[in-house]
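My notebook is open, and a new structure is waiting. Let me look it up piece by piece and write down what turns up.

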Amino acid sequence: QVQLIESGGGLVQVGGSLRLSCAASGTNFVHFAVGWFRQTPGKGREFVSTITQTGTFKHTADSVKGRFTISRDNAKSTVYLQMNNLQPEDTATYYCAAARGGSVNMLLTTTTAADYWGRGTLVTVSA
């Protein structure tokens, strides 16, 4: 059974930075594409960023492009989301998801493609 545990969320002021971590256990992490999604109350989960199994390819939503950077360390079975210049609209619960890639380079951009989810970490950006 794959377990994903997010950490690194918290309260930050506008313009500040946070680094989220998604630590995986119970699997050989290199086989999984990973994506970050976020959700606010009353809304569905929104795609934020994704990285392929070996980290060769990445894709980031336009809403955070240039401010958020995804990376991974397969030796540590961990994916990171570096978030800079945070804005109030970035306030959400952030979830990481993993999918066993059917192709060599899979980008996980939709919630329906995910096989596993973490429980989320809350990010609050105060004005």
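Before anything else, I note how strands are paired: two strands pair if DSSP finds at least two bridges between them. Strands (E, at least two residues) and helices (H or I, at least four residues) are DSSP runs, numbered from the N terminus. With that in hand, I find that S9 and strand S10 (residues 116-117) pair in the antiparallel sense over two bridges.

**Entry: ground rules.** I remind myself that this is a predicted model, where local features need pLDDT of at least 70, side-chain atom pairs count only at pLDDT 80 or more, and totals for chains, interfaces and linings use all residues. Residues are numbered from 1 along each chain as its sequence is written, and side-chain values use heavy atoms, with hydrogens and water left out.

**Entry: the whole chain.** I then checked the overall dimensions: the C-alpha trace spans about 40 × 25 × 25 Å along its principal axes. The radius of gyration (taken over C-alpha atoms; the globule rule is 2.2 Å times the number of residues to the power 0.38) is 14 Å, which agrees with the value near 14 Å for a compact globule of 127 residues. For burial I use relative accessible area: buried is under 20%, exposed is over 50%, and partly exposed is in between (1.4 Å probe, protein chains only). By that rule, 43% of the 127 residues count as buried.

I also looked at contacts, meaning heavy atoms within 4.5 Å. Among contacts between residues at least 6 apart in sequence, 61% join residues at least 24 apart.

**Entry: strand S9.** Strand S4 (residues 32-39) runs antiparallel to S9, and eight bridges join them; here alanine 33 stands opposite alanine 99. On S10, tryptophan 117 stands opposite alanine 97. S11 also runs antiparallel to S9, joined by three bridges.

**Entry: threonine 121.** I followed S11 (residues 121-126) to threonine 121, which is the bridge partner of tyrosine 94. Is threonine 121 buried or exposed? Threonine 121 is buried, because its relative accessible area is 10%. Its side chain reaches the backbone nitrogen of glycine 9 at 3.1 Å, a polar contact (a pair of N or O atoms within 3.5 Å; within protein, one must be able to donate a hydrogen and the other to accept it, and residues adjacent in sequence count only if both atoms are side-chain atoms). Leaving out residues up to four places away in sequence, threonine 121 touches several others, including Glu6, Leu20 and Ala92.

**Entry: the disulfide.** I searched the whole structure for disulfides (cysteine sulfur atoms within 2.5 Å) and found one. Cysteine 22 and cysteine 96 form the disulfide, with their sulfur atoms 2.0 Å apart. The pair links distant parts of the chain, 74 residues apart: cysteine 22 is in strand S3 (residues 18-25) and cysteine 96 in strand S9 (residues 92-100). Both cysteine 22 and cysteine 96 are buried.

**Entry: glycine 15.** I ended in the loop between strand S2 (10-13) and S3, where glycine 15 lies. Glycine 15 counts as partly exposed because its relative accessibility is 41%. Glycine 15 touches Asn85, Leu86 and Gln87, again not counting residues up to four places away in sequence.
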